[in-house]
Amino acid sequence: MGQTIAEKIFSEKLSRPVRAGEYVIAPIDCAMLHEGFVRSWMQLMSAGVSTVWDPDKIVVLFDHYVPAPTERMASAHMMVRNVIQATGIKHYYGEREGICHQVMIEKGHALPGALVVGTDSHTCSYGALGAAGTGIGTTEMAYVLARGELWFRVPETVKFALRGKLPKIVASKDILLHIAGRFGVEIAQYKSAEFVGEAADAMSIEGRITMSNMAVEIGAKFGFFNTDDKTLEYLKGRAAVPSRKLAADADAAYASAYDVDVSDLEPQVACPHSVGNVKPVREAQGTPVNQALLGSCTNGRLEDLRVAAEILKGRSVNRFTRLYVYPASREVYIDAMKSGVIQTLSEAGAIICNPCCGPCFGGHAGLLAPGERCISSTNRNFKGRMGSADAEVYLASPATVAASALRGAITDPREV
Amino acid sequence: MAGLKFQGTVWTFGDNIDTDQINPGQYMDLPAEEASEHVFEAIAPEFSKEFKAGELIVAGNNFGCGSSRETAPDVLKYVGAAAIVAESFGRIFFRNAVAIGLPVLVCPGISAQTKGGDTLEVDIEAALVRNLTTNKEFKGERLHEMMLNSLRKGGIMKLLSEG
Ligand code: SF4
């Protein structure tokens, strides 16, 4: 019998065929740490370990607290820099390059067939390029830093066949929100998700990253797309080693499979306080918003900023709504500058911030006051996620965020 | 923690309790003692004051979904939760709990049959839960040996320091 993508990758890692449901200890190809490094390192020290398994396979950067908002965080960053120098960890990007997942992908650390762990739940983003990326905690990461391996349950797989052609202005974000709303936020719990079908094949790498990024919001451990010519093209010049195509076998066994016809899909919005509380934007139309957030590892790529710029060109963001733009990386920022996208957004009144997580997880910068409402292109709208527990976050595509910023109220982007 | 068996009073929670509810992002970079003052703040403000070490948590589906912040199981361990029993867990929370030595058990059917204040007996190794208040027994899903070993030792780092 054939294998799913997850089964293929674990079989390769173990050098023997494995099946979903088996527990294995697998070697890690790459470990990514952001500010979580601090906790992992402290754990390691208390276990009496001061060297890492392989300095070439570890990527460290800062993104959650950039620039450092407190003295405590500045000291934490400083401690990490010192450790980097002492251990010789090779891939250190500091606060310069941007949000961890975007940087991992841009710099060629997330490759087809690789097993990658990160101290961040959205490490599943790398599935867009066929990498088995998954989030782990800082204690497990400490173990990985020391041993270069970790236990896994080879996951069952849920297949989503995306049929048809996506209508104009409707984005991959809308598909994922639709899936979360229709099937629930646990549909892929503990499992691997595979997004296939003509709409998946037609999707840009950027659009795929958005869906893989949010795979964890439906419970998934991995969120795979088949790797194709677009993947190889994207990785050209980024990856140090040649990449390859990877897809499930035609006779692979799935835990479940769902057909999702996207041809009539409308823009979607996830209402407070769950990613699964989804309806068409038109049903939330007119709800006033105090803040609009465009960016993050979910939707902070050039394609996303460009869609927003097209909507906002020559117009002005509502006077009582603030639009924050967080490009996902320095590379995106530069491209957006060169192409005039940044200028267009800024002229429309957007506040352009540095590539970092910003208020996405409620850490600092751009937080919400009690009673405020935000429309956001990020991936979570949990209670208290973006500041006050009495604030509300609505999740939507960049187009919907831009249209809503324009009107100061939730707006279907097809109308503006 | 002999044999990973616990007896205590229960606090109950519903479905989809995410890590932001357990440990809001704003308090995430605080030390556990300060962060623990805000645990479940938005949904059970009395929890941080009234929860006593050794008590148990019973929850519905998808407990601990959301971010990979280990501070979520950490604060619960810090306040002394003996074990968490749920219909299901967010995957990363579940792994993190095992990694830091906070006993967790998946136990279908438990949440509908348990009330806050009930006394439960939880046997992690046998994957059995008994509600001593109602005298009902529930069968959980036994953890894999690798995970049980981490819990017996008090966390995965102990495995490291022992070589
Ligand atoms: S942008 Fe948001 S979701 Fe992405 S890594 Fe940062 S905090 Fe996490």
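Trainee: How many salt bridges does the rule find across the interface of chain B and chain A?

Mentor: A salt bridge is a side-chain nitrogen of Lys or Arg within 4 Å of a carboxyl oxygen of Asp or Glu. Across this interface the rule finds 3 salt bridges. In one of them, Glu140(A) meets Arg95(B) through their side chains, at 2.8 Å from N to O. This is a predicted model, in which local features need pLDDT of at least 70 and side-chain atom pairs count only at pLDDT 80 or more, while totals for chains, interfaces and linings use all residues. Residues are numbered from 1 along each chain as its sequence is written, chains are lettered from A in the order in which they are written, and side-chain values use heavy atoms, with hydrogens and water left out.

Trainee: What area is buried between chain B and chain A?

Mentor: The size of an interface is often given as the accessible area lost when the parts come together. Here buried area is the accessible area (1.4 Å probe) that two parts lose on being put together, summed over both. Between chain B and chain A about 3,500 Å² is buried, and carbon and sulfur atoms give 58% of that. On the chain B side, Arg91(B), Arg95(B) and Leu160(B) lose the most area to chain A, together 21% of what that side buries. Counted by contact (heavy atoms within 4.5 Å), 38 residues of chain B meet 44 residues of chain A.

Trainee: Which helices of chain B each supply at least two residues of the side that touches chain A?

Mentor: Helices (H or I, at least four residues) and strands (E, at least two) are DSSP runs, numbered from the N terminus. The helices in question are H4 (71-78), H5 (91-100), H6 (145-153) and H7 (156-161) of chain B. H5(B) gives the largest share, 6 residues.

Trainee: Where is the largest cavity, and what lines it?

Mentor: On a 1 Å grid over the protein atoms alone, a cavity is a set of points where a 1.4 Å probe fits but cannot get out; a pocket is an open set with protein on both sides within 12 Å along at least five of seven lines, and lining residues have an atom within 4 Å of a point. Grid points are joined across faces, edges and corners, and a volume is the space filled by probe spheres set on the points. The whole structure has 1 cavity of 30 Å³ or more. The largest cavity has a volume of about 40 Å³, and its lining includes Phe195(A), Gly197(A), Asp201(A) and Arg208(A). Strand S9 (192-196) and H7 of chain A each supply at least two lining residues.

Trainee: What volume does the second largest pocket have?

Mentor: About 560 Å³. Its lining has 24 residues, and Leu166(A), Val170(A), Ala171(A), Ser172(A) and Glu303(A) lie nearest the centre. H11(A) gives the most to this lining, with 5 residues.

Trainee: Which peptide bond ending at Pro67(A) is cis?

Mentor: Most residues other than glycine have a negative phi, and most peptide bonds are trans. The bond from Val66(A) to Pro67(A) is cis, with omega near -10°. Pro67(A) sits in the loop between strand S3 (58-61) and helix H3 (71-87) of chain A. Another cis peptide bond joins Pro272(A) and His273(A), with omega about -10°. His273(A) is in the loop between strand S12 (268-270) and strand S13 (278-280) of chain A.

Trainee: Is phi of Ser15(A) positive or negative?

Mentor: Positive, near 55°. Ser15(A) lies in the loop between helix H1 (5-14) and strand S1 (23-27) of chain A.
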